[in-house]
Structure formats: C-alpha cells, structure tokens
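Visitor: I am new to this one. Please put the sequence and the model up, and then take me through them.

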Amino acid sequence: MGLLTQLVTLPLAPVRGVVWVVERVREEAENQYYDPAPVHRELAELERLLVAGDIDEEAFDQREDELLDRLEEIRAYRQG
C-alpha cells in the first residue's frame with residue numbers, strides 16, 4: 001500500500017517540499033530572533049557608550065529597559 005499511496009499523492013510532492021522549506025525558514029528565523037547573544041552584546045556596547053560619555057544616563061536607562069524587556073521575552077519563549 002505504500003507504493004499506491006505514493007503514486008496517489010505524487011501531485012502533492014511539490015507542496016510538501018514547499019511546506020518543508022517554509023518550516024525550516026521559520027525555525028531559523030525563530031532561532032535568530034530568540035537568540036540572547038545579540039542582546040547581551042548590545043547591552044555591553046550600551047554600557048561602553050555610557051562609560052565613554054557618548055550617551056547620557058537617561059538614554060542609557062531607556063535603552064537598557066528595552067533590552068532587558070527583550071531578554072525577558074526571550075527567557076519566557078525558551079521556557080515555553
């Protein structure tokens with residue numbers, strides 16, 4: 001019956017291939033979006049800018065809050 005099923009569903013093969021590719025693209029996009037490493041790098045760069053005097057405390061606090069919220073979103077996603 002496996003051969004018969006394959007023959008009957010053969011016209012759907014391109015659709016299954018497209019679905020598979022879309023799933024892989026979605027998975028990779030999620031992996032990149034929920035990767036905490038870029039957020040940690042940006043926090044480090046933000047602190048460097050503050051220490052160097054390139055930004056003031058208010059700008060630092062605002063951006064730091066945004067980045068910490070982003071990290072919280074990532075943690076929540078990873079916990080399910």
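Guide: One term comes first: a residue is buried under 20% relative accessible area, exposed over 50%, and partly exposed in between (1.4 Å probe, protein chains only). The model is predicted, so to speak for local features pLDDT must be at least 70, and side-chain atom pairs count only at pLDDT 80 or more, while totals for chains, interfaces and linings use all residues. Residues are numbered from 1 along each chain as its sequence is written, and side-chain values use heavy atoms, with hydrogens and water left out.

Visitor: Which pattern does the protein chain follow along the sequence?
Guide: Helices (H or I, at least four residues) and strands (E, at least two) are DSSP runs, numbered from the N terminus. The protein chain has 4 helices and 0 strands. Read along the sequence, that gives α-α-α-α.

Visitor: What is the radius of gyration of the protein chain?
Guide: The C-alpha atoms fill a box of roughly 70 × 25 × 15 Å along the principal axes. The radius of gyration is taken over C-alpha atoms, and the globule rule is 2.2 Å times the number of residues to the power 0.38. For a compact globule of 80 residues the radius would be near 12 Å, whereas the protein chain has 22 Å.

Visitor: What percentage of the residues is buried?
Guide: The count covers the 80 residues of the protein chain. Y34 is buried, because its relative accessibility is 17%. For the protein chain, the buried share comes to 11%.

Visitor: How are the rings of Y33 and Y34 arranged?
Guide: Rings of Phe, Tyr and Trp (its six-membered ring) pair if their centres lie within 6.5 Å; planes under 30 degrees apart count as stacked, over 60 as edge-to-face and the rest as tilted. The whole structure holds 2 aromatic pairs. For Y33 and Y34 the centres are 4.9 Å apart and the planes stand at 85°, so the arrangement is edge-to-face.

Visitor: How are the rings of Y34 and Y77 arranged?
Guide: The centres of Y34 and Y77 lie 3.7 Å apart with the planes at 5°, so this pair is stacked. The pair links distant parts of the chain, 43 residues apart: Y34 is in the loop between α2 and α3 (37–52), and Y77 is in helix α4 (residues 57–79). Ring pairs join Y33, Y34 and Y77 into a cluster. The name for the Y34 and Y77 arrangement is therefore stacked.

Visitor: Is Y77 buried, exposed or something in between, and which term applies?
Guide: The relative accessible area of Y77 is 38%.

Visitor: Which residue has its charged end over the ring of Y33?
Guide: A charge sits over a ring if NZ of Lys or CZ of Arg is within 6 Å of the ring centre and within 35 degrees of the ring normal. Y33 is partly exposed, because its relative accessibility is 43%. The charged end found 3.8 Å from the centre of the Y33 ring is that of R70.

Visitor: How many salt bridges are there?
Guide: A salt bridge is a side-chain nitrogen of Lys or Arg within 4 Å of a carboxyl oxygen of Asp or Glu. E23, R26 and E30 are linked in a network of such bridges. By this rule the count of salt bridges is 7.

Visitor: Which residue forms a salt bridge with E27?
Guide: The closest N and O atoms of the bridge are 3.1 Å apart. Both partners lie in helix α2, 3 residues apart, about one turn of the helix. E27 is partly exposed at 33%, and its partner is R24.

Visitor: What is the N to O distance between E66 and R63?
Guide: E66 and R63 are 3 residues apart in helix α4, so about one helical turn separates them. E66 is partly exposed at 37%, and R63 is partly exposed at 29%. Their side chains meet in a salt bridge with an N to O distance of 2.7 Å.

Visitor: Which helix holds both R48 and E45?
Guide: The side chains of R48 and E45 meet in a salt bridge (2.7 Å, N to O). R48 is partly exposed at 44%, and E45 is partly exposed at 36%. The two residues are 3 residues apart, about one turn, in helix α3.
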